[in-house]
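Colleague: I am new to this structure. Can we go through some of the words used for it, and what stands behind each?

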Amino acid sequence: MYDLVSAALGAQQLTQAAQLIKQWQQKTPQDPWLKLAMGQYWEAKAELEKAQITYTRLLQSSANTKVLLNAREGVQRVRDRLAQRREHDLSAAKQQPGATGAAVLVLEPVTGDRREASAQSLARVMQIDVYTARTRLPSKHWRLLRVGGAGELQYFCERLQAEGTPACWATAEQIKGLPVFRVQAIQAVEPQLTVICQNDAGQQGTIQLAWSDVTQWVIGQLPIYESVVDLDVRGKLKRRETTQDYGEVIDWHLHQRGCILRLCDRTYKYRDAAPLPPAAAFPSPLIAATAWKAMKAYFEDCIVPEPITDFSGFGESALDLIELLPPFKAHVDMVRSLPSPWDGAFHLYSSLRFLAAAP
């Protein structure tokens, strides 16, 4: 039967080969020569991933010397063809308009039984070993995997998605072009929500919206560093930066309007804002931390989606790579003695969340 299938494949008669394989499966489904013929059938159909899996499983299960020799040769042929295909497709992706612009590739969390298959997929697509792929595959938070050319990262993202590994990508221009308005205060909630905002140029105005306009919202805590003086092991004074506190930022994503409204607990003008319902029970604006906490609770009652609160995990993976991107405005106003990369990491994360959820 193997000779008949091989002859059909050699004559490019794939339909006949498939029929012969089906008959063979009904008679002796465990025959190792059948498994070899199936691998060669997938190879002839250019379904190289299926062929590779079939050959690899055969190498792990068969003791027939001739079958093993043919399976090893099949694995090598498939690897060579996959490498050629990858090189061709990647080269074509790099030639697309805008392909040389900067972009980011992000992995989304994978849990449970899906992790091993996703790790194998990540290893194949990115050409890294499986152990390294497992360590880079997130289980709880989004992870910034790579910064590079847009064409290349789009190709990687599409390959990962095609193999069932959740990923997304975006260009630096998309992130830079996303309008962000900094909320100074909420002026009114009835008859509609009215907020006082400031744009990039520092111009102040009002935006009116409904709570249903907030299609997604992101909360992040950003460290505030202070310069302190300590004694080193030799008893000498040494200056270092340490985290003294955290500022909290809330982004409202308005997809229908194509913009983000950003609130910050350190810059929100509590005295100029209207008390949120129930006004009689709303904390005094003189106690900013209490008023901010009450605001968040009110937002949770009014906004349908749950807030996205896993920024910190993403931020840790982004700090080392964010410097590779062209400079962009973080749109975070906090009084700092030194600029913090966490501000840019939050803006990047919120922008990626916005773009990934865009209709």
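Modeller: Start with a term. A pocket is an open set of grid points where a 1.4 Å probe fits, with protein on both sides within 12 Å along at least five of seven lines. In this predicted model, the second largest pocket holds about 340 Å³ of space.

Colleague: What makes a residue part of the lining of the second largest pocket?

Modeller: A lining residue has an atom within 4 Å of a point. Those of the second largest pocket include Glu49, Gln52, Ile53, Val75 and Arg124. H4 gives the largest share, 6 residues.

Colleague: Which classes do the residues of this lining fall into?

Modeller: There are 2 nonpolar, 3 polar and 4 charged residues in the lining of the second largest pocket.

Colleague: What volume does the largest pocket have, and which helix supplies the largest share of its lining?

Modeller: Its volume is about 440 Å³, and H5 supplies 6 residues, the largest share. Of the 17 lining residues, Gln52, Leu82, Ala123, Arg124 and Gln127 lie nearest the centre.

Colleague: Why is H3 called roughly parallel to H5?

Modeller: Helix H3 (residues 32-44) and helix H5 (residues 65-94) pack at about 15°. Angles under 35 degrees count as roughly parallel, so H3 is roughly parallel to H5. Their axes are 10 Å apart, and the crossing is left-handed.

Colleague: Which residues of H3 meet H5?

Modeller: Pro32, Trp33, Leu36 and Glu43 in H3 do, and their partners in H5 include Lys66, Val67 and Arg81.

Methods: Residues are numbered from 1 along each chain as its sequence is written. This is a predicted model: local features need pLDDT of at least 70, side-chain atom pairs count only at pLDDT 80 or more; totals for chains, interfaces and linings use all residues. Side-chain values use heavy atoms; hydrogens and water are left out. Axes are lines fitted to C-alpha atoms, for helices over the stretch in contact, and angles run from 0 to 180 degrees between N-to-C directions. Helices (H or I, at least four residues) and strands (E, at least two) are DSSP runs, numbered from the N terminus. Angles under 35 degrees count as roughly parallel, over 145 as roughly antiparallel, 65 to 115 as roughly perpendicular and the rest as oblique. A crossing is left-handed if the near helix is turned anticlockwise from the far one by less than a right angle, and right-handed if clockwise. Contact means heavy atoms within 4.5 Å. On a 1 Å grid over the protein atoms alone, a cavity is a set of points where a 1.4 Å probe fits but cannot get out, and a pocket is an open set with protein on both sides within 12 Å along at least five of seven lines; lining residues have an atom within 4 Å of a point. Grid points are joined across faces, edges and corners, and a volume is the space filled by probe spheres set on the points. Ala, Val, Leu, Ile, Met, Phe, Trp, Tyr, Cys and Pro count as nonpolar, Asp, Glu, Lys and Arg as charged, and the others, Gly among them, as polar.
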